Amino acid sequence: MGFLIKLTVAGAVVIGIGYWIAEGIERQNVRDCLAQHSQQYGIANGHDVYLTDVVEVNIHRTYGDNTETRFVKYRIQGSGDIQSATCRW
């Protein structure tokens, strides 16, 4: 019985680490997208630097080169408002 509990705890830890890594990758993708918006279009200036929370990421369209258009909602430091952008990665 003790082995089963240890196995369950170990599994939960592995799954938790997986979610933590995936969240970090998604957060970096959003940050990169906002930096690109800032450089190319002059919009979302500084949002990549002051990003505090990724609220939601929804896939809108998938392309043949394994990229997807995503609708992103996020918050920035100093504002309670939810910002949004369209990104492709």
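Colleague: Where is Ser79 found?

Modeller: Ser79 sits in the loop between strand S2 (68-76) and strand S3 (83-88). Strands here are DSSP runs of E with at least two residues, helices are runs of H or I with at least four, and both are numbered from the N terminus. The model is predicted, so local features need pLDDT of at least 70 and side-chain atom pairs count only at pLDDT 80 or more, while totals for chains, interfaces and linings use all residues. Residues are numbered from 1 along each chain as its sequence is written, and side-chain values use heavy atoms, with hydrogens and water left out.

Colleague: Why is Ser79 called partly exposed?

Modeller: Buried means under 20% relative accessible area and exposed means over 50%, with partly exposed in between (1.4 Å probe, protein chains only). Ser79 has 25% relative accessibility, so Ser79 counts as partly exposed.

Colleague: What makes Cys33 and Cys87 a disulfide?

Modeller: A disulfide is a pair of cysteine sulfur atoms within 2.5 Å. The sulfur atoms of Cys33 and Cys87 are 2.0 Å apart, and the two form a disulfide. The pair links distant parts of the chain, with Cys33 in helix H1 (residues 2-41) and Cys87 in strand S3, 54 residues apart. Both Cys33 and Cys87 are buried.

Colleague: Why is the disulfide of Cys33 and Cys87 called left-handed?

Modeller: The torsion about its S-S bond is about -90 degrees, so the disulfide of Cys33 and Cys87 is left-handed.

Colleague: How many disulfides does a search of the whole structure find?

Modeller: The search finds 1 disulfide.
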